[in-house]
Amino acid sequence: MIGDAKRGWRDRKHRPVIGQRGLWAAATLVVLLPHAATSFPVDGDQAVLPAGSELNEDALDVPREVLHSEYRGDRTSYLVALGDLAFNSPAILGDVARRANISCGTCHVNGASNAKLFVPGMSTRPGNFDTTGPLFNPKADNHVLDPVRIPSLRGARYLAPYGHDGRMASLRDFVRNVVINEFAGPEPSAAILDAIVAYIQDIDFLPNPKLGARGRLNESASETERRGEALFSKPFPRDPNLSCAGCHLPAGAFVDHLQHDVGSGGLFKTPTLLNANFNAPYFHDGRYDDLGQVVDHFDRVFGLALSAQDRGDLVAYLRAVGDGRQPYDRDSVMVRFKEISTFSLLLAQAIGMRDREAIELAVDTLGGELRDLTERFPDHRNPAVTGALVERRLARAALKDVVISLRRIAIAVTTGDFDAATAEYRTYYDLTFSRAMPLLRGTEPWSLFNPALREAHGAQRRQMLRTPAQAQR
Amino acid sequence: MVNAVETRMSDRNGVVGAHLPHARCRRAAMLGVIVAIALAANAGAAPLEASAEGYRRYLIEDIGQALNGARTLRERLVAADLDGAKRAWIEGRIGWERSEVFTSGFVPELDQQIDAWPNASHGFHGIEVKLFGANRTDVGDETDALIAHLADLHAQIENIPLDPQRLLNGVARLAFEVGGNKADGGESRLSGTSLNDMQSNVDGIELAYRVIFSGAIEASDPRLADAARAAIERIKATVRISDLRSLDAEKLRADSEELVALLQSAAPKIGLSKPTLEEGSQ
């Protein structure tokens with residue numbers, strides 16, 4: 001409806017132009033026809049995601065990413081960096097995801113999970129998501145709202161098989177299925193698929209200061225935790241062949257790579273307990289908020305007859321096993337530039353290797369992230385932020401210049417001029433790290449990296465984006 | 001050449017299309033302008049200052065349209081006509097979004113009063129929150145303020161010097177912005193008119209580019225002019241859709257950034273500096 005009216009309005013102004021430069025005057029004629037004050041029918045929301053969606057993109061604390069190659073003191077490989085890039089690029093997914101600016105990294109923030117993500121019609125609670133729902137790929141819609149918990153990918157290389165029910169032995173097959181079937185993306189190239197798998201396999205568990213060799217608690221553990229550890233290995237009273245540790249093997253990343261029926265509605269693979277403190281909600285569908293509820297479930301289903309102290313001890317033990325050092329980074333200019341730095345290095349290497357696919361992906365993803373970063377430094381139109389307007393504008397202008405420099409690289413590559421691309425990369429590098437970065441750091445207190453400003457901005461924005469029904473409450 | 005400029009100047013001092021009583025007179029006046037612009041384009045580089053001056057009448061007309069929309073909105077509110085009020089709001093946005101080439105850089109304080117975003121309690125988006133977001137018509141005070149600010153702007157633009165450098169900054173800045181993904185659903189999500197905003201922005205870019213810069217760029221570097229014109233045509237084609245959800249955002253972004261790059265390259269060839277993409281930062 002709105003489309004017809006709008007076409008009508010536009011057709012009056014955009015009659016066919018027949019020719020190129022010689023018909024400039026004719027084109028001028030077309031654009032200069034009177035500005036028609038035609039009514040648009042009032043239409044509704046044209047957002048891709050349903051109203052009330054929460055992607056948690058304004059979170060102040062973001063999961064810390066520990067890459068195995070970096071942890072060992074090396075730089076990440078080209079392959080891992082390319083995978084990281086693709087993982088954070090909406091371009092590898094289908095139309096709907098791209099329009100909603102959703103990438104793998106939206107749900108698996110820095111390779112971890114996203115406990116607050118909620119999409120009406122696709123989630124039943126924050127932190128779960130129906131990968132066979134109607135939104136991203138109608139062909140994969142199973143017509144049942146059966147969301148699964150968004151899993152953390154930390155330590156994924158130790159956690160085969162893949163999927164909550166362990167349906168796929170190969171991580172590569174699993175990733176391809178997510179891209180193509182769950183998110184309706186185009187068939188990824190072998191190089192991109194390999195890179196994403198290499199990246200995921202490089203994501204380490206956060207180091208846990210309480211665990212020693214063979215997954216045992218070390219000397220720093222408390223009495224309570226030690227009692228919990230003993231209970232964890234104790235045979236179940238009704239079935240002495242079973243114990244917690246029988247499936248969650250402490251020496252094996254707390255998994256046994258098998259599926260079991262633990263009374264949650266089917267066969268599901270044993271989840272790791274490492275870093276589990278940061279992986280709520282729990283169970284395949286995210287039905288439990290905390291580890292206490294998880295212990296209660298097993299107590300009930302397996303008749304463990306736990307005393308209050310037993311229950312407390314087990315929870316304390318699970319929390320010790322589930323711990324991790326420095327689980328979050330505070331979102332900041334420097335956190336953003338760490339990622340920009342990784343992707344910039346990749347871009348330089350890709351230009352050197354004439355890897356067009358990687359260059360295109362880097363320009364697209366970096367450009368998107370830089371544009372997002374620009375919006376963290378609001379301009380004069382945002383009344384929630386006052387002060388340092390000139391500096392904010394300088395920061396914004398610098399970032400925008402970086403984006404255009406990236407585009408110049410892409411244009412040079414399109415025309416096959418890799419020398420020009422190399423020269424422009426030097427400009428890009430200087431603009432990014434010598435000009436934009438110091439400006440951004442200096443202006444950070446007046447940006448949405450300031451927690452108070454971000455909170456004020458976020459609250460008002462959420463209020464603005466409420467549906468009419470919500471607003472009338 | 002002189003005729004061309006004179007024709008435009010006399011148009012500005014006389015009746016502007018939107019204010020003509022009859023469509024036929026209006027068309028006749030427009031035809032005069034069309035011929036004048038075509039002549040200017042053919043004659044090569046008009047002094048940029050004169051071309052910029054020629055842009056003023058469109059600016060006045062666009063802000064006038066926004067003002068008329070706001071006044072109609074006020075009438076519809078008084079009549080408790082919710083749908084009519086919504087239509088008036090949408091119509092007012094057309095002229096406003098077309099003139100963003102100018103407003104953001106030249107009158108940022110009024111821009112904030114009129115078009116605060118996203119945390120708006122006033123201006124177009126403050127009204128949008130209640131009118132579209134909650135189907136409420138109690139936005140009389142906000143609308144009165146909007147009318148006052150638009151009327152203020154409408155009066156001011158008669159006399160504000162139209163510096164070509166700042167206008168080029170404005171064209172480049174808006175071209176960059178059109179390529180951006182402000183958020184899912186766009187700038188005017190509640191009214192569902194974000195796509196209209198983008199279309200009007202692109203119209204505004206094309207208008208300013210053609211009236212002010214195309215002749216000079218054509219005269220100094222025809223290939224660059226061809227490339228810029230082609231980029232604008234691609235951007236127009238990309239936003240000529242009926243639903244924001246079918247927008248090819250990556251293509252739009254690539255084309256908009258290419259246009260900015262071309263304008264950056266063109267600037268020194270027409271005696272201007274590389275445009276800043278954020279007014280007040282040069």
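**Ground rules.** I am working with a predicted model, where local features need pLDDT of at least 70, side-chain atom pairs count only at pLDDT 80 or more, and totals for chains, interfaces and linings use all residues. Residues are numbered from 1 along each chain as its sequence is written, chains are lettered from A and ligands numbered from 1 in the order written, and side-chain values use heavy atoms, with hydrogens and water left out.

**Chain A overall.** I find 18 helices and six strands in chain A (DSSP runs: helices are H or I of at least four residues, strands E of at least two, numbered from the N terminus). Of its 473 residues, 54% are buried (under 20% relative accessible area, 1.4 Å probe, protein chains only).

**Helices α7 and α8.** I looked next at α7(A), residues 171-182, and α8(A), residues 190-202, whose axes come within 10 Å and cross at roughly 115 degrees (lines fitted to C-alpha atoms over the stretch in contact, with angles from 0 to 180 degrees between N-to-C directions). The two are therefore roughly perpendicular (65 to 115 degrees). On the α7(A) side I note A:Leu171, A:Arg172, A:Val175 and A:Arg176, which meet α8(A) residues including A:Leu193, A:Ile196 and A:Val197 (contact means heavy atoms within 4.5 Å).

**B:Asp115.** This one sits in helix α6 of chain B, residues 108-115. I count B:Asp115 as buried because its relative accessibility is 0%. Leaving out residues up to four places away in sequence, B:Asp115 touches A:Arg381 from chain A, and its chain B contacts include B:Arg93, B:Trp96 and B:His125.

Terms used. Buried < 20%, exposed > 50% of the residue type's maximum accessible area, 1.4 Å probe, protein only. Parallel < 35°, antiparallel > 145°, perpendicular 65-115°, else oblique.
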